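Hi,

Here is the structure I promised to pass along.

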Amino acid sequence: MEILSSSLRERLSILLDIDPVAIGDTTPFADLGVDSMMRLELIALVEQYVGRELPERELNNLGAIDQIIRYVDALSSS
């Protein structure tokens, strides 16, 4: 999951034009200024990682990198 975490952090740093170090795994996306278009890009990145389409509604409810990682980990376990 470290690859996904790093990829999400890198994508956010590009989208937000901030240093990736400033983005912690538990930093709320709302605090970073992530908007709906940025969320769509993150969802696309996660879908690419897992290799399938995921429910956008569920992913939109996840508000930080660590929550996305736990969600994907739960998918992998089932």
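This is a predicted model: local features need pLDDT of at least 70, side-chain atom pairs count only at pLDDT 80 or more; totals for chains, interfaces and linings use all residues.

Gly63 sits in the loop that runs between helix 4 and helix 5. With a relative accessible area of 18%, Gly63 counts as buried, because the cut-off for that label is under 20%. If you want a distance to check in your viewer, the C-alpha atoms of Gly63 and Ser76 are separated by 20 Å, and these two residues are 13 residues apart along the chain.

Next, Asp66, which belongs to helix 5. Asp66 has a relative accessible area of 19%, so it is buried too, again by the under 20% cut-off. Once the neighbours within four places in sequence are set aside, Asp66 is in contact with Asp25 and Thr26.

A search of the whole structure turned up one cavity of 30 Å³ or more. The largest cavity holds about 60 Å³ of space. Its lining is made up of Phe29, Arg39, Leu42, Ile43, Val46, Leu59, Asn60, Leu62 and Ile68. Two elements give two or more residues to that lining, namely helix 3 (36-50) and helix 4 (56-60). Helix 3 gives the most, with four residues. By type, the lining of the largest cavity splits into seven nonpolar residues, one polar and one charged.

Last, the helix packing. Two packed helices are described by the angle between their axes and the distance between the axes. For helix 1 (residues 2-16) and helix 5 (residues 65-77), the axes come within 10 Å and cross at roughly 145 degrees. The crossing of helix 1 and helix 5 is right-handed. On the helix 1 side, the contact is made by Leu4, Ser5, Leu8, Arg9 and Leu12, while helix 5 brings in Ile65, Ile68, Ile69 and Val72. Sorted by type, the residues of this contact come to seven nonpolar, one polar and one charged.

Cheers

Notes. Residues are numbered from 1 along each chain as its sequence is written. Side-chain values use heavy atoms; hydrogens and water are left out. On a 1 Å grid over the protein atoms alone, a cavity is a set of points where a 1.4 Å probe fits but cannot get out, and a pocket is an open set with protein on both sides within 12 Å along at least five of seven lines; lining residues have an atom within 4 Å of a point. Grid points are joined across faces, edges and corners, and a volume is the space filled by probe spheres set on the points. Ala, Val, Leu, Ile, Met, Phe, Trp, Tyr, Cys and Pro count as nonpolar, Asp, Glu, Lys and Arg as charged, and the others, Gly among them, as polar. Axes are lines fitted to C-alpha atoms, for helices over the stretch in contact, and angles run from 0 to 180 degrees between N-to-C directions. A crossing is left-handed if the near helix is turned anticlockwise from the far one by less than a right angle, and right-handed if clockwise. Contact means heavy atoms within 4.5 Å. Buried means under 20% relative accessible area, exposed over 50%, partly exposed in between (1.4 Å probe, protein chains only).
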